[in-house]
Each structure stands twice: as C-alpha cells, then as structure tokens.
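Welcome! Let's take a friendly walk through this structure, one region at a time.

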Amino acid sequence: MMTMNDTKLSTKEKIKHAATKVFIDNGYDATKTRDIAKAAGVNISTLHYYYGTKEELFKVIVKEAFDEFFIIMNAIFDSELPLRDKLVAFVENCLTLAKKNPSISIFVFGEMQRNNEKVKELKELIPNQRLNDSIITTLDGLAQQGKIKPTNPKYFVANLLGLAIFPSLAKESLMAHLDFQDSEYEEFISNQPKIVADILLKSIEYK
C-alpha cells in the first residue's frame, strides 16, 4: 500500500523502495517482477522501463548499500588518525549503518552467503579494493616502523569485519541465546568499537 511519503518519491525511487521491501520479505529467488510492480503501484512495463529486470534492481540496491559503506570506511582509513582510532571509527560506523537499515544488511549478506554465483557478479559492483589497499598500506607502514608484528592483512580484515558486523546481523540470536535485555544489548553495542580495537591491536602486538 502506498503512503503519503511515497507520493514525494519519483516513480524510479518508488520502484526501488518497493523492490527492497519485497526482496527482504520474500528473498531474491522467490521475488517476481509482478510482486515488485504491485508493491510499487506501477505496471510491469513501467518497472522494465526504469530497471529492466529484477536482477538489475537487485544490483542497484546492493551497490547503493555498499557505496555508502565504502565511502565512509575509505575516508576513515585514508585519514591520519592513529590505528586504534581508525578501528574504533570503523566499527562505530559499521554498527551505525547496520542499525540504520538492519533488514537490508541481513538480506544482502544472506543472499551473498547463499548464492556463490551472485557473489561473483556483485564483486564487480563493490569498490572494496581501495579499502583493502588502505588497510594493507597502514599495516605495512606500522610493521616497517616496528610498531606491530608483520601481519597478514587478509586475516586482519576478516577479523575486523567479523567482529564489526556479526553483532548486528545476529542481534536476535544473541539476545535469545545470551538472554540479553534491550538495554544490555545496547550497552554491549556501545562498548563494541573499543573492545574490537583492543582485541585486534593485541593480536598484532601494537606498541
């Protein structure tokens, strides 16, 4: 059903917003273009005019989500901040972005885990190389200065992403299995950036 806020959006934006919700509710494979068109209040011809196929729509949604992520994260690792401050800022922004739109985060990562071929297609859309290069440059520079032990950047990035993203993706599971109250979970999340930074810095013997 269309809302008052929807009337302020262009037709193209209405279709994208509707597609995001339908993808989240149904999953990519179970979603039909007619489902998206119905949710957006347009006919299928209009949907095809703006986006072509549901695959193109999916790519647009994923690219926008990752573009926002990498713009922020690249700025953090390109800065002159000390490594600990970069790590704290990185985790804070991961948690903020996930909280801003938790459903799309869970959906995108779920689809990428479930469909390996789709990951290969999306890899071309996700501008992660600059971030990887920034992290590698940071770690290599610190190692050359003797401030950390030589470190495999792939391991470092994998641990950083896991510790930064998992608490948001697994919120419901964590709250159920650890018997978190809402206030306890929020406190955990607020402390997570500094905890993650300390864990990672200890792993590379940061001086």
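A residue is called buried when its relative accessible area is under 20%, exposed when it is over 50%, and partly exposed in between, using a 1.4 Å probe and protein chains only. This is a predicted model, in which local features need pLDDT of at least 70 and side-chain atom pairs count only at pLDDT 80 or more, while totals for chains, interfaces and linings use all residues. Residues are numbered from 1 along each chain as its sequence is written, and side-chain values use heavy atoms, leaving out hydrogens and water.

Let's begin with helix 2. Helices are DSSP runs of H or I with at least four residues, numbered from the N terminus. On one side of helix 2, Arg34 and Lys38 are exposed. Ile36, Ala37 and Ala40 of this helix, in contrast, are buried. These three sit on the same side of helix 2, because they cover an arc of only 100 degrees around the axis; the arc is that of the directions from the helix axis to the C-beta atoms. The buried residues of helix 2 pack against helix 1 (11–26), helix 3 and helix 4, where contact means heavy atoms within 4.5 Å. Just after helix 2, glycine 41 takes a positive phi of about 75 degrees.

How do helix 2 and helix 3 cross? Their axes come within 9 Å and cross at roughly 100 degrees. Axes are lines fitted to C-alpha atoms, for helices over the stretch in contact, with angles from 0 to 180 degrees between N-to-C directions. The two helices are therefore roughly perpendicular to each other, a label for angles of 65 to 115 degrees. This table shows who takes part:

| Helix | Residues | Contact residues |
|---|---|---|
| Helix 2 | 33–40 | Thr33, Arg34, Ile36, Ala37 |
| Helix 3 | 44–51 | Ile44, Leu47, His48 |

Next comes the core. A nonpolar core is a set of buried Ala, Val, Leu, Ile, Met, Phe, Trp, Tyr and Cys residues joined through side-chain atoms within 4.5 Å. The largest one has 53 residues, of which Phe23, Leu87 and Phe90 touch the most other members. Helix 4 (residues 54–78) gives the most to this core, with ten residues. Leaving aside residues up to four places away in sequence, phenylalanine 90 touches partners including Phe69, Met73, Leu131 and Ala164.

Not counting residues up to four places away in sequence, lysine 86 touches Ile76, Phe77, Ser79, Leu81 and Thr138.

Methods: Parallel < 35°, antiparallel > 145°, perpendicular 65-115°, else oblique.
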